[in-house]
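The sequence and coordinates are shown first, and the discussion follows directly.

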Amino acid sequence: IPVIFWTGTGNTQMMADAVAEAINVAGAEAVVKNVSEITADEAAGYDALALGCPAMGAEVLEECEFEPFFTELEGKLAGKKVALFGSYGWGGSYMQDWEARVKDAGATLVADGVLALGAPDDEAMAKLAEAGKLLAE
């Protein structure tokens, strides 16, 4: 199960590592990839995937690497299980838009998107672990 992320400060990478650990503990195999290390076509080859991106600018996905990747992947998500996560510094409403895009593409969100204000706290880590477990099932 790929855990694909973009990070600027390291917070979203911490979240990606937590999801991957939960996937592995649940008996599946996680593969953690920075978004620059995988193509949308490669990601679309999996039945389940975790996607992580922080909020940027005016509450949007990171626009240089992650948004173009997700836009290309979006039309290939039908029938897949997806978990979303990311950190933010001043809002967090971007997650609702991202969740809607995933659902509109025909994918199933295994859990609500996990948000962390800055570095993930214990509550966020527990939610990440649950999302990873659900992806592995």
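## Salt bridges

Four salt bridges are present in the structure, a salt bridge being a side-chain nitrogen of Lys or Arg within 4 Å of a carboxyl oxygen of Asp or Glu. This is a predicted model, in which local features need pLDDT of at least 70 and side-chain atom pairs count only at pLDDT 80 or more, while totals for chains, interfaces and linings use all residues. Residues are numbered from 1 along each chain as its sequence is written, and side-chain values use heavy atoms, with hydrogens and water left out.

One of the salt bridges joins the side chains of R101 and E67 at 2.9 Å, N to O; because R101 lies in helix 4 (residues 94-104) and E67 in helix 3 (residues 66-74), this pair ties together parts that are 34 residues apart in sequence. Helices (H or I, at least four residues) and strands (E, at least two) are DSSP runs, numbered from the N terminus. R101 also meets E74 in a salt bridge, at 2.7 Å from N to O, and since E74 belongs to helix 3, this pair links parts 27 residues apart in sequence. R101 is partly exposed, at 23% relative accessibility, whereas E74 is buried, at 18%; buried means under 20% relative accessible area, exposed over 50%, and partly exposed in between (1.4 Å probe, protein chains only).

A further salt bridge, between K127 and E123, has an N to O distance of 3.2 Å, and both residues lie in helix 5, four residues apart, about one turn of the helix. Salt bridges that share partners join E67, E74 and R101 into one network.

## Helix 5

The buried residues of helix 5 include A124, L128 and L135, and, seen down the helix axis, its buried residues fall within an arc of 100°, so they line one face of the helix (the arc is that of the directions from the axis to the C-beta atoms). On the other side, D122 and E123 are exposed. The cover over the buried residues includes helix 1 (11-25) and strand 3 (48-52), where contact means heavy atoms within 4.5 Å.

## Cysteines

The structure holds zero disulfides, a disulfide being a pair of cysteine sulfur atoms within 2.5 Å. The sulfur of C53 is 11 Å from the closest cysteine sulfur, that of C64, which is too far for a bond. C53 is buried, with a relative accessible area of 0%, while C64 is exposed, at 67%.
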